[in-house]
Amino acid sequence: MFGFFKKKGVVHNDSNCTIDITESYITINGRNFEVPMHIDTLIEVLGTPRSIKFKTKEDDRQFLEEIHGEGMVTKRVNYVWDELGLNCYTMNGKVLTCFGIELNHGEKYPQTPKNVFTGKLTINGRHWLDAVKEGEDCEVLQHVYLGDYVITAEYVDFEQDMSTRDETSYTGIEISLKSGTDDLP
């Protein structure tokens, strides 16, 4: 009835997938993950994603490697779980630096999941929208600071009043480390 089943711990449909974001973890179906993390850890739970490889321009590579460390941006890969409405970004093809949840389709990019997330999403056990509305409004983004993480929710209509925004007003949520705390393993 629910279309949710597991094979070797892999989620194949997200209608019963639960994600809770706390200051310490991203919990997916009861399993705790920390950002940054190795992509293989997430693949164990979510299955094999589609991958999109990027070549970083030399000027950008030098700039980014000054910030993130030598070799960290030479093999950039984004991963997408189209069926689940989830994606993530890596700097070196292996270490996940940002985890994304597609809530509603906005602009299409190669890393945009084909489907939206239909599971249950909470922030510190609260409905995600309640937590996001309490965050910092940055004209097209809403930031929630939680421990070392920043949760960024992108909304569609920047002229819309905060009190009238609902679940359909947001295209997605991304979880990453706050600036200055991005020491990758």
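This report describes a pocket, a nonpolar core and a helix in a predicted model.

## The largest pocket

Rolling a probe the size of a water molecule over the atoms shows where empty space is left. In this model, the largest pocket has a volume of about 490 Å³. Its lining consists of 23 residues, and those closest to the pocket centre are Glu-102, Glu-154, Thr-171, Gly-172 and Glu-174.

Four strands each supply at least two residues of this lining: E9 (86–90), E10 (95–102), E15 (149–155) and E16 (170–177). Strand E16 gives the most, with five residues. Sorted by class, the lining holds 10 polar, nine nonpolar and four charged residues.

## The nonpolar core

In soluble globular proteins, nonpolar side chains tend to be buried together. The largest nonpolar core of this model has 39 residues, of which Ile-19, Ile-28 and Phe-99 touch the most other members.

The contacts of Phe-99, leaving aside residues up to four places away in sequence, include Ile-19, Ile-26 and Ile-28. Phe-99 also touches Leu-42, Leu-46 and Leu-86, together with Asn-87 and Cys-88. Ile-173, Glu-174 and Ile-175 complete the list of its contacts. One of these, Glu-174, is also among the residues closest to the centre of the largest pocket.

## Helix H1

Helix H1 spans residues 39–46, and its buried residues are Ile-39, Leu-42, Val-45 and Leu-46. These four lie on the same side of H1, because they cover an arc of only 125° around the axis.

After H1 comes Gly-47, which has a positive phi, near 95°.

Conventions: Residues numbered from 1 in each chain as written. Predicted model: local features only at pLDDT ≥ 70, side-chain atom pairs only at ≥ 80, totals over all residues. Heavy atoms only, no water. 1 Å grid on protein atoms, 1.4 Å probe; cavity = no way out; pocket = protein on both sides within 12 Å on 5 of 7 lines; lining within 4 Å. Points joined across faces, edges and corners; volume = space filled by probe spheres on them. Nonpolar A, V, L, I, M, F, W, Y, C, P; charged D, E, K, R; others polar. Core = buried A, V, L, I, M, F, W, Y, C linked by side-chain atoms within 4.5 Å. Buried < 20%, exposed > 50% of the residue type's maximum accessible area, 1.4 Å probe, protein only. Contact = heavy atoms within 4.5 Å. Arc of directions from axis to C-beta.
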